[in-house]
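Look over the sequence and the structure first, then read on.

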Amino acid sequence: MALPKLPRFRDESQKKAFGNILKFMALVLCFTLIARGATGVTLAKVDTVMPYPAEIVESVSAGGSVQAASSLAITAPAGLTIKEVLVAPGQTVSAGDAIARFAPEEIAEGLGRAQLALDEMNLNLEQLERGEPHDGSALTGAQNALAWAEQDYANTQAAGNAAIAAAQTALTDAQNTLNALRESASAAAAPPPADAGADPENPGDSAAPPAPSGPTAADIAAAEAAVSAAQTALDSAVRDADMALQGAARGIETARLGLSSTQLADSAARQNAADTAAQNALDAEALRLDMEAVQASISSAAAKSARQIAAESAAAGNGNTAFWPTFWTEQETIAAKGLHTANTRCLWFSGDATLVWPAEFVHGGAPGMLDESGCVISDTLAWQLWGNIDVLDYELTVDGQAYAVRGVFREDGLLVMAGTGEAAFKDGWQAVELAGMPDGEVRAVALGFVQASGLGTPDTLVDGPALSAVADLLSLLPLVLMSIALLFGLLRRITKALPGKATGWVLAFAILLAFAWALPALLEMLPPSFIPTRFSDFAFWGRLAASAWEHVKEWLLLRPSHIDVQAKLLLYAQVGIFVAQSIISAVLMCRNLAAQRGFTTNAQYTA
Amino acid sequence: MLGVLVFAALPVWWAIWFMFTGALMPLDELTATVSPVLTGREGIASWPLLPTWPTLAPMTELLLDTPQFFVMFWNSFKLVIPSVAGQLVIGAPVAWALSRLRFRGRGLLFTLYIVLMLMPFPVTMVPNYLVAQNIGIMDTIWAVALPFAFSAFPVFIMAKGFDAVPRAMLEAAAIDGANHFKTFVRIGLPLGVPGILSALVLGFIECWNAIEQPMTFLKTKSLWPLSLYLPEIAADKLGLAMAASLMMLAPAALIFLFGQKYLELGIQAAGVKE
């Protein structure tokens, strides 16, 4: 049997050209389907229906009553750990009911910090209200300087006047002395009177009595010099007094200027101090209000229950899917049945127990989401406490709280899972499991969710479905390898049975067409984050690998917990199985290819 | 002589090499080499003989991320197939009649065909538009395909091909009782294959590369052929444009290679006088 032959052509080159046209068209057809399938995965799917005219005959009647809001969003302060949820999911609460409790240590710590800040502010406020003593020393100094300058002026003026007066006195004395000397000299130079025995006819007669002696010219000259010196001293004293007074006046002017500038600076300082005081008062008031708000929020803060968070999430339209957060934590505790006790690992939870531990139950089942008085235990623990594993509804005391056993699951270690109770829970939640996440950027959605819910930023965030998808893909890889090997074997047999050049091309086209047809379904199997927005963005694969490696590292570095250890062990087991399957597949492929080559050789030899 | 031919062929091969290497170049390199041309900045545009950092990103983007390219690719075929089929169904009998039949006004009619053939598209655009508008085929592929199907140029080429059919053979067929239709089908078509195929190859290439006609008669973008896709690509998608050019070139080149021998025979026959 042979495939239909191509139309006859004049020569081989034309036949080849025609074949090339067909191949090109087939290739384009396949790529058309591939492009549609590849881009279709990243596009939003919208179903539309053709509108048609019709008469609306439906009517709706409803009755109801108006009541207060049945749900209320409560935002817890960031950074606090919910210690305990005090209400059951679905329970109706009224104003004033406590619905959750934070970890007291963190509340106390937060309150302590707030109280310290408030005390500090109070001190500042008191200081501001008391009024800080104004530093007026500069002004006083300037005033003193002015007074000193004025005093100095007065002193200088007095000293100058005194000097001038002394000089004036000296001058007067000198003038008097000079006048006296001159009068004496004049008197001495006048002719003696007649009755004084002198012979006017014989003036040369030496027998006349001698005339009285007067001041000499030297004396008069000395007196004149003394007057002149006194006058000089007076002038000097006047000049010195003027200069001293001018200096003192300049000192006064300088002091007055200094006082003026000091007064201006003092006014500005007083204004600044007043402004600062007003601003501090405002700050203090604002801080006081903040503190009141913090204290009020802390005192009235209530954690959200899992159901409340789910309801809020649904109301916010997060993918139209309600998140059901399940809080859990792992502790070593004591489980007791009567006098029998066992140190066991306990998983406290609030929410869906199946998310906390993938238990394989041999009796009973997981407690319901509202069941906080039930617990499930491992068969090992049941055997140790009761000597039996069918212990449903028996009472078990865990950490002092009585629980009824709802189920027994297979587990080699001692393990109990119990709903939270007031006495049983002390240290806050370690982890939150979010189920029902919408497809897409799970990490970003989860992070936004926990932050918006007041749970704070988690230390680590693990995308379980993505890790599971990677593990699933790895587990499928051997199957894919085996399928490829089988397909190649089948194709070789077909090409042997149907000789002709076109057969290979037709088969290749058929495979490519099948791949193009199945591509959307294959891409749907991948997590959305594994599909690039554009396939031509080659850097996406590098980013994806780096991101995946970071997430795997984050998961491997998680705080060790029982469930985590079990998951890691399962992953290691799966990787081992994958490696073994891959090796087996590769060996089988090689054997298959070797067998086919041998068949070909034999056939050629026979021919 | 060979050197001269190679030198003359260089511009043709360089254009193809230009497209091929451009389809393997990253956008950064493309921008660096031809940005003086595209952006008008100062500098000299250059083109490396080989890409510095070859990448398949443009081709991948075209084949995997651009489904609209394939829509337009198949739109081109939706235009070309009816056009070429129409040229065969309508043009071949007309060419046979004008070539081999004797009737009054034959020369005038053939001259009219030649005149119509010489008319450029802008001249016939308005009449074609009015006809398409009146018969209600505007904004459909038929507004483009029908004018191509009734094109005068294939008739001219086919008529020249039919001219090579010996009249003695037609007379012998008539003596044997063959009517005109049977003579056309049994003798004319087989012997006129070179002319017919060369006309069809030329018609395919003309229709495949047509820009003005689809732009005039097709308003709906989803009906546009591939020839209108390249002008839509912006300068920041130069690699994509190069890859799309290669893909657009491929069908025309393959058809040409397929019909090359017939094309040569047809042209040869058109130049031979009986």
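A crossing is left-handed if the near helix is turned anticlockwise from the far one by less than a right angle, and right-handed if clockwise. Helices (H or I, at least four residues) and strands (E, at least two) are DSSP runs, numbered from the N terminus.

This is a predicted model: local features need pLDDT of at least 70, side-chain atom pairs count only at pLDDT 80 or more, and totals for chains, interfaces and linings use all residues. Residues are numbered from 1 along each chain as its sequence is written, chains are lettered from A, and side-chain values use heavy atoms, without hydrogens and water.

**Chain B**

Chain B has 13 helices and 0 strands. Of its 274 residues, 45% are buried (under 20% relative accessible area, with a 1.4 Å probe and protein chains only). Take the contacts in chain B with a separation of 6 or more: 76% of them join residues 24 or more positions apart. Contact means heavy atoms within 4.5 Å.

Two helix pairs show the packing. Axes are lines fitted to C-alpha atoms, for helices over the stretch in contact, and angles run from 0 to 180 degrees between N-to-C directions.

| Helix pair | Angle | Axes |
|---|---|---|
| H8(B) (residues 152–162) and H11(B) (residues 193–208) | about 160° | 8 Å apart |
| H9(B) (residues 167–175) and H10(B) (residues 180–191) | roughly 160° | within 10 Å |

That angle makes H8(B) roughly antiparallel to H11(B) (over 145 degrees). Their crossing is right-handed. Phe153(B), Ile157(B) and Phe162(B) are among the H8(B) residues in the contact, and H11(B) supplies residues including Ile196(B) and Leu202(B). The contact residues divide into 9 nonpolar, 3 polar and no charged. Ala, Val, Leu, Ile, Met, Phe, Trp, Tyr, Cys and Pro count as nonpolar, Asp, Glu, Lys and Arg as charged, and the others, Gly among them, as polar.

H9(B) and H10(B) are therefore roughly antiparallel to each other. H9(B) passes H10(B) in a right-handed crossing. Here Met169(B), Leu170(B) and Ala173(B) of H9(B) meet Thr183(B), Ile187(B) and Leu191(B) of H10(B). This contact has 5 nonpolar residues, 1 polar and no charged.

**Chain A**

In a regular strand the side chains alternate between the two faces of the sheet.

E7(A) runs antiparallel to strand E8(A) (residues 401–409), joined by 4 bridges. Strands pair if DSSP finds at least two bridges between them. Leu396(A) stands opposite Tyr403(A) of E8(A). The two strands, E7(A) and E8(A), form a hairpin with 2 residues between them, and Asp399(A) in the turn has a positive phi of about 55°.

Notes: Parallel < 35°, antiparallel > 145°, perpendicular 65-115°, else oblique. Buried < 20%, exposed > 50% of the residue type's maximum accessible area, 1.4 Å probe, protein only.
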